Amino acid sequence: MFEVGYLHIDNPIATISSYHQFAPEGPGGLFILDGFDLDDVPLAEMESCLLKIKEHRGRRSVGLSVTCSLDEPLLAAARIANRNLCLLELRLSKIRDPVRLLELIPSLKRCGVTLSLRIRPEELSDALLQRLNETELDLIHLDLRGLNGAGPKIVKRAKDMRGPAIMALADVGEFEDAKALLSMGAEVVSLRGADPDFAEWLSGAMNEYDSLSGWCNAPKHICAGGDLRGLAYCCPPVKHCAVLNALKKAGMTPEEFVKKKLSLAKGTPLEKGDGTCFGSLVWCCKITKLCYLRDAAMARIGLSGKEYMELKKKLAEDLLKK
Ligand code: SF4
Ligand code: SF4
């Protein structure tokens, strides 16, 4: 469902548990063991927890969340994580200095590890985000707990800067809370301390939603507040609407946008679309917007709603490739 580095995350829900007290069969596409302060916890203990988890989870993805005041234990942890094809996540509690952080990331990446950084939004200025985007960091894990509904906007801000993939740790009480974060560009939503039955149910519901929709974290339309991936649904920029501002953010002129969309659609089912507003499905709206013109055009070429959204997903990725 989502590939990052050497990880294959088959469900957009991740669960996080303290290494002191974990149920090895934790649900979700990624299970992160939290709390390894390598100033206090020996690497051998961390590795033995990891092996125990891997025994239960088989090929499903696992992560280790670490911090340390010294670089060498972090580098050793990165080598262990890489050997076990496991995510290594840095926590900032002992890595406060941004200069150290920005030097540490390339050193850890040189160990071949898939790397995440867990960070609170108040620690993540635009300038730092920009600098992180220039590194090979694989994931930014935004800790959005306690923000009372502001989380999706923060995810959108990071997503629109087009850096590493985003994981969002938030207070999720229902399916819609997770969907709101995914629809603004999070690839994964993580839960800490959630009721295991709820986490299990949510992972199952997300699997079902993905298999029906074809694009589990599909964005909203740009004019409905969606992130830049929503350009995949935009019509040609012929009127004064939100698309112009979005194109500015994406660093594309309206002419380049039209040219790029048409060339990406060429030879794909999105090129078709007789009878639609602009004669091609490449300009058509999200599947959830009811439209008998688009649906008739799709029916004529035998394209299902799920396939249509899978094509829009690919289109969004290719449109925004730097
Ligand atoms: S081009 Fe269409 S979908 Fe895009 S922002 Fe404008 S009105 Fe909305
Ligand atoms: S035909 Fe329907 S889906 Fe396509 S652009 Fe027009 S309103 Fe949107």
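This briefing describes the domains, ligand surroundings and helix packing of one protein structure.

The model is predicted, so local features need pLDDT of at least 70 and side-chain atom pairs count only at pLDDT 80 or more, while totals for chains, interfaces and linings use all residues. Residues are numbered from 1 along each chain as its sequence is written, and chains are lettered from A and ligands numbered from 1 in the order in which they are written. The protein is divided into domain 1 (2-213) and domain 2 (222-320), with bounds that come from an automatic or database domain assignment.

**Domains**

- The C-alpha centres of domain 1 and domain 2 are separated by 32 Å.
- Eight residues of domain 1 are in contact with seven residues of domain 2; two residues are in contact if their C-beta atoms, placed from the backbone, lie within 7 Å.
- On the side of domain 1 that touches domain 2, helix H5 (151-160) and helix H7 (196-213) each supply at least two residues. Helices are DSSP runs (H or I, at least four residues), numbered from the N terminus.
- H5 gives the most to this side of domain 1, with three residues.
- This side of domain 1 has two nonpolar, two polar and four charged residues. Ala, Val, Leu, Ile, Met, Phe, Trp, Tyr, Cys and Pro count as nonpolar, Asp, Glu, Lys and Arg as charged, and the others, Gly among them, as polar.

**Ligand surroundings**

- Ligand 1 has around it His-221, Ile-222, Cys-223, Tyr-233, Cys-234, Cys-235, Cys-241, Ala-242 and Val-243. A residue is near a molecule if its C-beta atom, placed from the backbone, lies within 6 Å of it.
- The shell around ligand 1 consists of eight nonpolar residues, one polar and no charged.
- Around ligand 2 are Cys-235, Thr-276, Cys-277, Trp-283, Cys-284, Cys-285, Cys-291, Leu-293 and Arg-294.
- The shell around ligand 2 has seven nonpolar residues, one polar and one charged.
- Cys-235 is listed both around ligand 1 and around ligand 2.

- Helix H1 (residues 43-57) packs with helix H2 (residues 71-83) at an angle of about 25 degrees, and their axes are 11 Å apart. Axes are lines fitted to C-alpha atoms, for helices over the stretch in contact, and angles run from 0 to 180 degrees between N-to-C directions.
- H1 is therefore roughly parallel to H2; angles under 35 degrees count as roughly parallel, over 145 as roughly antiparallel, 65 to 115 as roughly perpendicular and the rest as oblique.
- The crossing of H1 and H2 is right-handed. A crossing is right-handed if the near helix is turned clockwise from the far one by less than a right angle, and left-handed if anticlockwise.
- Leu-43, Met-46 and Glu-47 of H1 make the contact with Pro-73, Ala-76, Ala-77 and Ile-80 of H2.
- The contact of H1 with H2 comprises six nonpolar residues, no polar and one charged.
- H2 and helix H3 (residues 98-109) have axes that come within 9 Å and cross at roughly 35 degrees, in a right-handed crossing.
- Asp-71, Leu-74, Leu-75 and Ala-78 of H2 meet Leu-104, Ser-107 and Leu-108 of H3.

**Packing of H9 and H11**

- Helix H9 (residues 254-265) and helix H11 (residues 305-320) pack at an angle of about 135 degrees, and their axes are 10 Å apart.
- H9 and H11 are therefore oblique to each other, and their crossing is right-handed.
- Lys-260, Lys-261 and Leu-264 of H9 meet Leu-315, Asp-318 and Leu-319 of H11.
- The contact of H9 with H11 has three nonpolar residues, no polar and three charged.
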